[in-house]
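User: I have a structure here and would like to go through it. Can you help me read it?

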Amino acid sequence: MDQWNSKIASSLYQPLEGDLPIRLLLIHPGEPSQPLKTELVPTTLENAQGCYDATSYTWGSPETPELINCGDSQLWVQRNAFDMMLDLRRPDRPRRVWIDAVCINQCDLDERAAQVAMMHHIYRRAGATWVWLGRADEHSSVAMAYAATLNAETYVREFADSRYGSILARFVEKSYFFDPSFNAGLSDSQIRDLAIAIVNFLNRPWFSRVWIQQEVSLSENTQVACGPDAVAWDSIFALAWIMGPRYTETWPDYVHSQLDSIINVIVAVRGIQRARHYYFQDRYGKSSNVVGFGALVENVSRYEATDPRDRIYAMGNILADSKDWFDVDYRVPWEVLYTDVATRFLEANTLRFLKNAGRIRQKSDTALPSWVPDYSHKDDGSYMIPLPTLWKAGGVSSDPFIPPVRTSRSKVSPLPKGRRRRFPMSEDLKAFKGPKKSLLQSFASIRCLMSDRITYVGDWVDTEEGNVKTNVARMVEGIKRDVEHIDTLRTTAYFNGDTLLDAYRLTLIMSCDAQQEPIRSNYTRTHWDDWFNWYEQGCPGYWDANLKHPAMDPAFESSGAMKTFRFAVTEHGYFCLAPRITEIGDEVAILQSYELAVTLRRLPAPSQPQAETDPFFELLGDAYVHGMMENEARCITDEFNYKYEPSQAQWRKILEASDGGRGEPWATLGLSGQYERILKTLGARTIRLV
């Protein structure tokens with residue numbers, strides 16, 4: 001598409017001049033049957049402020065472009081842009097709009113980079129932003145009409161009162177479309193038809209675009225159009241808000257297959273609304289909400305982008321300090337960009353970005369180091385462990401900021417020559433000669449508080465294959481196999497005081513109920529039999545939204561156990577949930593200042609091992625370790641002044657203080673003395689991730 005107009009680009013697109021220069025597209029008036037007539041008008045944002053409309057739309061397929069008259073030239077544009085211009089054209093007076101595909105010279109990489117870098121100014125200074133969702137259909141007309149009837153102010157207030165979804169006690173009380181009382185007065189068939197229309201409407205491609213985050217976040221006056229229908233943005237937010245499950249809930253069977261894609265839409269819409277609450281406090285009320293780069297990029301893998309680099313560039317433009325994180329440059333390959341951003345996270349003393357990293361979330365032939373998030377990988381978040389507010393396995397990760405001086409103990413270093421990775425390179429990557437390309441051959445040094453070798457892994461089930469009954473039967477057999485293995489262990493109690501069976505059951509649900517609130521063994525003792533018997537029967541009525549599932553089922557579904565995570569046991573007795581690619585011999589670890597545990601794979605020693613003393617690891621992904629998710633590793637290490645691989649004298653002193661689990665330090669910590677069994681897995685040291 002960027003070469004469609006290469007022959008006329010030099011005459012049509014004159015160099016931009018002035019401070020914050022842009023071009024606007026003047027759409028001349030006309031009737032629907034008349035050809036589009038337009039012209040480009042160079043100006044600056046200062047001169048144009050408030051006098052133009054910005055647009056937000058999907059580029060769509062390049063296969064059916066249309067020609068428009070633009071000044072004295074004819075310009076190829078995407079079909080979607082063409083249809084949008086027809087809908088925006090007025091019959092009686094001209095209209096000034098900013099449309100990226102036309103107003104930016106797509107043949108000029110330098111201009112593209114410069115315009116992308118100032119898009120936040122373009123949207124903030126527009127008189128209005130028009131979101132164009134496409135041509136109307138039977139679903140959109142119903143959904144838009146319903147959105148217009150919603151009391152948007154009520155749902156915006158619910159969102160703010162739940163602190164943008166982070167206060168679970170309030171979030172689980174939010175309005176929900178499928179509550180029996182929500183659509184009182186409508187018949188079951190009417191609710192069904194309405195739900196199908198809304199779901200199909202929210203599945204329109206626009207909602208999955210990464211660029212919508214900045215386009216709507218930064219423009220206070222945002223209108224949403226679909227064919228002849230138009231509503232204010234807050235009505236669209238309200239529609240997505242009421243469709244969002246409050247926790248792990250099953251939609252009715254007639255729309256359940258689209259739940260995963262709609263969750264991505266809901267996450268995107270909430271992200272936009274959260275940013276709007278920050279930028280437009282006169283409209284939405286005082287907000288202490290901070291729009292941080294780390295939070296913005298955390299969910300970008302859920303969105304669509306034509307260019308992988310835009311997953312970063314689109315997020316950064318919402319920030320005032322985006323230049324501290326990256327420079328917009330479309331000559332830099334996306335692999336180098338992602339690695340550079342991950343390096344800056346490490347330098348900013350935060351590890352939360354690791355939630356998006358690991359081999360489980362990367363392609364097998366990737367050029368990325370394992371510790372770098374692959375934001376290009378379209379994902380619904382199923383490989384990510386939820387983050388209850390109480391979890392802080394390695395302590396709390398700070399919000400990312402760019403400090404004036406380095407404060408992090410993490411660092412990135414070049415790989416030794418004998419450890420250089422081999423991977424296929426794209427043509428862009430081969431041609432790129434910039435110095436940051438060397439980051440692809442680097443390793444990250446990160447502080448580790450605990451690690452232990454995995455000695456048993458349970459089964460997992462590929463739910464993309466088979467039906468519910470078959471897959472559930474395989475899960476039941478997997479659970480029975482796990483229990484048989486647990487029966488062979490040499491102890492009857494878990495080190496935190498739980499029975500082994502209680503510890504196993506809690507591990508399968510990551511010690512959280514359906515609302516993602518931490519729970520203890522009395523929860524599984526109360527609900528396990530009811531849930532497991534239902535599973536043994538093949539989950540009868542699984543798709544019946546009117547049939548209440550056993551209380552523990554939403555918690556099991558939410559954890560991803562036996563689907564994206566598998567049960568594992570380590571040498572010193574840790575019970576874990578680890579990524580399904582985990583194998584015996586891999587290691588589970590807790591990293592300093594990272595809220596979750598992780599799974600690592602030790603790389604084979606080089607052919608000349610005398611040149612290397614410390615091993616290298618690959619990051620596989622996040623993990624849950626029962627009894628170690630509330631900063632126990634750090635607290636025990638500090639209380640006993642425990643050093644990694646202590647000397648015999650140090651070890652004797654530690655055992656004396658522990659006194660077989662009866663020592664004063666355990667009472668001070670409020671922990672079972674049986675934690676003594678895992679002492680040898682603890683101690684701060686540095687691990688090297690490739």
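This is a predicted model: local features need pLDDT of at least 70, side-chain atom pairs count only at pLDDT 80 or more; totals for chains, interfaces and linings use all residues.

User: What volume does the second largest cavity have?

Analyst: About 50 Å³. Its lining has 10 residues, and those nearest the centre of this cavity are Ile509, Met510, Cys512, Gln516 and Ser559.

User: And by class, what is in that lining?

Analyst: Six residues in the lining of the second largest cavity are nonpolar, three are polar and one is charged.

User: Now pockets. How much space lies in the second largest pocket?

Analyst: About 560 Å³. The second largest pocket is lined by 22 residues, with Trp59, Trp211, Thr306, Asp307 and Asp310 nearest its centre.

User: How many of the lining residues there are charged?

Analyst: Seven are charged, while 10 are nonpolar and five are polar.

User: Switching to helices. At what angle do H7 and H12 pack?

Analyst: Helix H7, residues 138–149, packs against helix H12, residues 233–243, at about 100°, and their axes are 8 Å apart. Angles of 65 to 115 degrees count as roughly perpendicular, so H7 is roughly perpendicular to H12.

User: Which residues meet there?

Analyst: From H7, Ala143, Met144, Tyr146 and Ala147; from H12, Ser235, Ile236, Leu239 and Ile242.

User: What classes are those?

Analyst: The contact of H7 with H12 has seven nonpolar residues, one polar residue and no charged ones.

Key:
Residues are numbered from 1 along each chain as its sequence is written. Side-chain values use heavy atoms; hydrogens and water are left out. On a 1 Å grid over the protein atoms alone, a cavity is a set of points where a 1.4 Å probe fits but cannot get out, and a pocket is an open set with protein on both sides within 12 Å along at least five of seven lines; lining residues have an atom within 4 Å of a point. Grid points are joined across faces, edges and corners, and a volume is the space filled by probe spheres set on the points. Ala, Val, Leu, Ile, Met, Phe, Trp, Tyr, Cys and Pro count as nonpolar, Asp, Glu, Lys and Arg as charged, and the others, Gly among them, as polar. Axes are lines fitted to C-alpha atoms, for helices over the stretch in contact, and angles run from 0 to 180 degrees between N-to-C directions. Helices (H or I, at least four residues) and strands (E, at least two) are DSSP runs, numbered from the N terminus. Angles under 35 degrees count as roughly parallel, over 145 as roughly antiparallel, 65 to 115 as roughly perpendicular and the rest as oblique. Contact means heavy atoms within 4.5 Å.
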